[in-house]
Amino acid sequence: MPTPTHFHQIAHLPGRSIDIEGQEYLYFSGTAYLGLPHNPAFQGLIQEGLHQYGSVYGSSRNGNLQLTIYQQAEQKLASWAGADAALTLSSGMLAGQAAIRQLMLEGYEFRYSPDVHPAVWHLPQVDIAKGTFEHWIETTLAILPTTNRGANRHQIALVTNAVDALRGKLYAFEWIKSIPEDREVVLLVDDSHGLGVTGNGGRGVWERIPKRKNVRLIVTASLAKAMGLPGGVIFSDPASLHRIRYSAYFGGCSPVAPDHLYAYVQAETIYQDAYKRLQANIRQFTDSIRGLNLLSFTDNYPVFYSERDELYPFLLERGIFIYSFSYPKPTDKANTRVVLSAWHTAEDIQKLSTACHDFAALYL
């Protein structure tokens, strides 16, 4: 399949701006919400970790020689997110697959919400619910009692995202309280686009999901987005993570690079400052475009979705590069959205806002 003509290639890491064939563009795309890849202080901590731990730990986490940094980072992640325990892996995709494969071994059947991330699919292609998230909740709550009787008794895992990052929408989980008390289920939530930016201080979805004795909660996430780390994490109860930890699947995985986990453990102030800068950028932009009827968004979240795909070439002509391509499959409808980061300046936000107002004046 040939590369689409609107795709561009560059030879440097995107930051607040990018260079395409000698022309500079402000960059409002990607998922580095906290701007850590270009944060000098964060890079310095990675360098410290590199000197102490090297670039990769070429061993199984279950080997007879183990690095203490993994336990330190996992305890810090769990405490910060408010979860019982955490387990790191070398990618968010691997974290999702490790969790879903363990549930397969335990005999669970899966009920997927609309647009659930491929990281938590149990097969390369699965039956994804159509319609809205709210309709999926309604049908799920109606079906659960019927799968708990006699020959119809099934172990059910409900699999969903914490965030609809394509459209800038956070999902609510109060419906968990409506699951019948005599129906035990697993709730598996992918929080890749929430961890670091949603919840209290960016702590993600764990604390805003109601806890029920009959609902086993597993949250997976990529750390390569807001958190700026080449890895993934699973949050759950210690018993669930113990089963995943000592599975052959986990034992055969290479672990996340230890130098980056060292940086994470040391970077609490860096994360806090980046989160504050991101929230200031979000407030500035939302205040300026709230009445345009051009972008849909959720307050305090850095993704702004537009139904108007022609916004992409319009902004490109004005030196602004935004997200616009089909995802997750090339055959899907193009998704056009503006993504803010902590690395953007107030001047960057103003230029973006002015261009959006110009578009609205011409086409809306």
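The model is a predicted one. In helix α1, which runs over residues 40-53, the buried residues line one face, while Thr 198 is a buried residue placed in a loop between two strands.

**Length and ends of α1**
- Helix α1 has 14 residues, which at 1.5 Å a residue should span 20 Å, and the 20 Å between its end C-alpha atoms agrees with that expectation.
- The N-terminal end of α1 is capped by Asn 39, which has a side-chain oxygen 3.0 Å from the backbone nitrogen of Ala 41.
- After α1 comes Gly 54, a residue with a positive phi near 80°.

- Phe 42, Leu 45, Ile 46, Gly 49 and Tyr 53 are the buried residues of α1.
- Because these buried residues fall within an arc of 100° when α1 is seen down its axis, they line one face of the helix.
- The cover over the buried residues of α1 includes the helices α2 (68-81), α7 (258-266) and α8 (268-289).
- Pro 40 and His 51, by contrast, are exposed and lie on the other side of α1.

**Thr 198 and its surroundings**
- Thr 198 belongs to the loop that lies between β8 (185-190) and β9 (215-222).
- The relative accessible area of Thr 198 is 3%, and because buried means under 20%, Thr 198 counts as buried.
- Leaving aside residues up to four places away in sequence, Thr 198 touches Val 163, Leu 170, Asp 191, Arg 203, Gly 204, Val 205 and Tyr 301.

Note on methods:
Residues numbered from 1 in each chain as written. Predicted model: local features only at pLDDT ≥ 70, side-chain atom pairs only at ≥ 80, totals over all residues. Heavy atoms only, no water. Helix = DSSP H or I, 4+ residues; strand = E, 2+ residues; numbered from the N terminus. Buried < 20%, exposed > 50% of the residue type's maximum accessible area, 1.4 Å probe, protein only. Contact = heavy atoms within 4.5 Å. Expected span 1.5 Å × (residues − 1). Arc of directions from axis to C-beta. Polar contact = N/O pair within 3.5 Å; in protein donor to acceptor, adjacent residues only side chain to side chain.
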